[in-house]
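Trainee: I am new to this structure. Please take a close look with me at a single chain and walk me through how its parts are put together.

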Amino acid sequence: MSKIGKSPPASEITPEVLYMRRREFIRNAVLFTATSAGVGGSLLWLMKGARAERKRSVGTDRTDAGERELTIARHSNYSTDELLTPYRDVTSYNNFYEFGTDKGDPSENARTLRPRPWTVTIEGEAHKPQVMDVEQLLGWFPLEERVYRMRCVEAWSMVIPWVGFPLGDLLKRVEPTSRAKYVAFTTLLDPEQMPEQRRHVLDWPYVEGLRIDEAMHPLAILAVGLYGKALPNQNGAPLRLVVPWKYGFKGIKSIVKIRLTEEEPPTTWNLAAPHEYGFYANVNPTVDHPRWSQATERRIGEFRRRPTLPFSGYAEQVADLYAGMDLRRFF
Amino acid sequence: MRRPGPLPWLKPGVFVGALVPVGAIVWHAWRGELGANPIAQALNQLGLMALVFLLAALACTPLKTFFGWTWPIRLRRMLGLFGFFYALLHVSTYAGLDQLFDWQAIRDDVAKRKFIFVGFSAFVLLVPLAATSTSGALKRLGYARWKRLHRLAYVAPALGVIHFVWRVKKDVSEPVAYGIVLGALLLVRVGVHLRSRPPGRLQARGNVPADLVQPERRETDRPIPAARCPGSRG
């Protein structure tokens, strides 16, 4: 056999036309690749897919590393034994419009918040109004862990192990007067620390309120941590309200002022869309949001939607507060 | 060997690029990277892509009007079909993954929630457009009827924008931005229509660019006017 191979079969010979047009072929291949990359890249940019993913990892790493461990003095009978929503999800899927309207925004942007030193003012219809540092406040009460369901008005829910103390304990300490019928809460107003306050998405600062009997209910707590650690900024550091039988937006974050009042205080979402968000905002599967159903919810991490329970499952403890009230009207 | 037309890379390139979003969604879902509420995330992204493609399809004619570019027209049908494709994925994700084919709940949603109703209507309007997107369908319908039917391509994205605005809780800046783009694309058409419609018939008048007078007779993928369709009864 000859060492020199046979000439290649005719089928493998590049047709002359193609050979002559190889430059054109290469050019077209380059333009094809550039076009698909350009179109695909632009679409991804519009979709923000890549951004959401990056945010998520940023949020995870930072919060896992940073927060201070808290000493929990006792566990509570009010805790649910349902499966906890992972820390990663609790700290990367947040509605905190002061840091952006996308639920991934707060975990990315909330680093500008400085939760220490932090002054809290308690004023209004109280015999012993107080202005104090949050550290001092923490010293007053033993911290408890409370594992609560959190039902967002957007029809998703989580199970979160909060660390905090009953709001009622604090209110008793400042001795409300007989005229104290409501409690009003205010979030920090500081566009330096909360950059999205420069945009008028909502009327800043965020304000919320409870009736005094709701505020004194043992389920209502002020949270300073979750998962045994201090609250990450995106979850409302250093001090936030948790009222588990109400929609999540009642849980005002990064509180600087608590005021006891005689009149029902304004609340931010009610001001923004009065026909969609009421003062009470109790979780109620039979009263739909005007634009979507509240009958079911998606528990974060679960595939199937689950039925929403009246008062988010806390009816036994709190339904009495609303005896005789038309909850369709007072939604 | 047939020589390919001009810009042979254009359509394949856009086609592959248009598949990138669905590829990215599937990839991220597979890796568990769609965030804490992956179904909601996929729903939002697919719906947005549907709107983007419908707007892109509407941008083709104005690009020709103003810049004289004819290549976008060749992409128009494909862009519109990608709009339908993403709308179909969006609706399927809602019905299948979000509601798990709970037809009762889906019926209630469509009937009672105006934001779902308009979104669903937009999708329904796209079905006949996708079904008659072939040259064969154009011939069967006749050009005039085909064109009248395909005016729905203006209505569907408008409903899509309303769907988007009503879905958002507070910050409507993103849906409004898409609404502005849509409004501009429709206004351009109104303007062109008014200018090309003085008392007389369509004539090449000094102030009307030749392109507008016989808008359909250039370049390829554009539907062929009725006169040239043998089977046309239009």
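**A close look at chain A**

Mentor: Let's begin with contacts: in chain A, 71% of those with a separation of 6 or more link residues 24 or more positions apart; a contact means that two C-beta atoms, placed from the backbone, lie within 7 Å. This is a predicted model, where local features need pLDDT of at least 70 and side-chain atom pairs count only at pLDDT 80 or more, while totals for chains, interfaces and linings use all residues. Residues are numbered from 1 along each chain as its sequence is written, and chains are lettered from A and ligands numbered from 1 in the order in which they are written.

Chain A holds 10 helices and 13 strands, taken as DSSP runs numbered from the N terminus (helices are H or I, at least four residues; strands are E, at least two). Now find β2(A), residues 119-124. It pairs with β3(A), residues 130-133, in the antiparallel sense over 4 bridges, where pairing requires that DSSP finds at least two bridges between the strands. A hairpin of 5 residues connects β2(A) to β3(A), and Ile122(A) sits opposite Gln130(A) in β3(A). β2(A) also pairs with β11(A), residues 255-261, this time in the parallel sense over 4 bridges. There, Glu123(A) faces Arg259(A) of β11(A). In a regular strand, side chains alternate between the two faces of the sheet.

Finally, look towards the neighbour: 33 residues of chain A are in contact with 31 residues of chain B. On that side of chain A, α2(A) supplies the largest share, 12 residues.
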